[in-house]
Amino acid sequence: MATILAIDDSGLMQAFWVRILSRSQHTVVTVSSGDEMRAALTTLHPQLIFLDLSFPGENGFELLKQLRGYSQCLDIPVIAVSGYAGEDTRQACREAGFTDFLAKPFSLAELRGILTRYIEHPTQLRALAR
């Protein structure tokens, strides 16, 4: 299936990403900082990225800009993940260039919808975007 990168400083969330996404036969790589993200992207070519918005020192908006600097991440869907689910946060994510938004706590159905949209049917989405 797909290689998914989950960027989150919470060990609990990292374990969640691995446990849940591995059930769907995806390869899951978790990192907890911008430094680890940059190191991973020297060899990793993910098909989907989940990016938490809150980090000590850096934030998800800064990391998104850095992600888009890697050739293998130019067109990769990057999903913002945050416990701050207000319309202001969602709007800021859209304006920054995140592909989608997943509000914590989220249901497995919501996560499944993201996987379906961006991994299982990405060509259909690209065709609709044209």
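Buried means under 20% relative accessible area, exposed means over 50%, and partly exposed lies in between, with a 1.4 Å probe and protein chains only. Keep that in mind for what follows.

This is a predicted model, in which local features need pLDDT of at least 70 and side-chain atom pairs count only at pLDDT 80 or more, while totals for chains, interfaces and linings use all residues. Residues are numbered from 1 along each chain as its sequence is written, and side-chain values use heavy atoms, with hydrogens and water left out.

Start with helix 1. Helices (H or I, at least four residues) and strands (E, at least two) are DSSP runs, numbered from the N terminus. Helix 1 spans residues 11–23 and has 13 residues. From first C-alpha to last, helix 1 reaches 19 Å, close to the 18 Å expected at 1.5 Å a residue. That expected span is 1.5 Å times one less than the number of residues. The buried residues of helix 1 are Met13, Gln14, Phe16, Trp17, Ile20 and Leu21. They cover an arc of only 160° around the axis, which puts them on the same side of helix 1. The arc is that of the directions from the helix axis to the C-beta atoms. An α-helix has 3.6 residues a turn, so residues three or four places apart point the same way. On the other side of helix 1, Leu12 and Arg23 are exposed.

What do the buried residues of helix 1 pack against? Their partners are strand 1, strand 2 (27–31), strand 3, strand 4, strand 5 (100–103) and helix 5 (108–120). Contact here means heavy atoms within 4.5 Å. After helix 1 comes glutamine 25, with a positive phi near 70°.

Now turn to strand 3, residues 48–52. Five of its five residues are buried. Leu48, Phe50 and Asp52 point one way from strand 3, and Ile49 and Leu51 point the other way. Two strands pair if DSSP finds at least two bridges between them. Strand 1 (residues 3–7) runs parallel to strand 3, and four bridges join them. Isoleucine 7 has leucine 51 as its bridge partner in strand 3. Strand 4 (residues 78–82) also pairs with strand 3 in the parallel sense, over four bridges. Here leucine 51 has alanine 80 as its bridge partner, and aspartate 52 stands opposite valine 81.

Is strand 4 enclosed or open? Five of the five residues of strand 4 are buried, so strand 4 is largely enclosed by the rest of the structure. Val78, Ala80 and Ser82 point one way from strand 4, while Ile79 and Val81 point the other way. Next comes strand 5. Four bridges join strand 4 to strand 5, and the two run parallel. Valine 81 stands opposite leucine 102, and serine 82 stands opposite alanine 103.

Strand 3, helix 3 (residues 60–67) and strand 4 make a right-handed β-α-β unit. Strand 4, helix 4 (residues 87–96) and strand 5 make a right-handed β-α-β unit too. A crossover is right-handed if, with the strands pointing away from the viewer, the path from the first strand over the helix to the second runs clockwise.

Look at helix 3 itself. Its buried residues are Gly60, Leu63, Leu64 and Leu67. They cover an arc of only 105° around the axis, which puts them on the same side of helix 3. Their cover includes strand 1, helix 2, strand 3, strand 4 and helix 4.

Finally, the cores. A nonpolar core is a set of buried Ala, Val, Leu, Ile, Met, Phe, Trp, Tyr and Cys residues joined through side-chain atoms within 4.5 Å. The largest has 22 residues, and those with the most contacts inside it are Ile7, Ile49, Leu51, Leu67 and Phe98. Strand 1, helix 2, strand 3, helix 3, strand 4 and strand 5 each supply at least two residues of this core. Helix 3 gives the largest share, three residues. Apart from this core lies another, of 20 residues, among them Ile4, Leu21, Val28 and Leu111.
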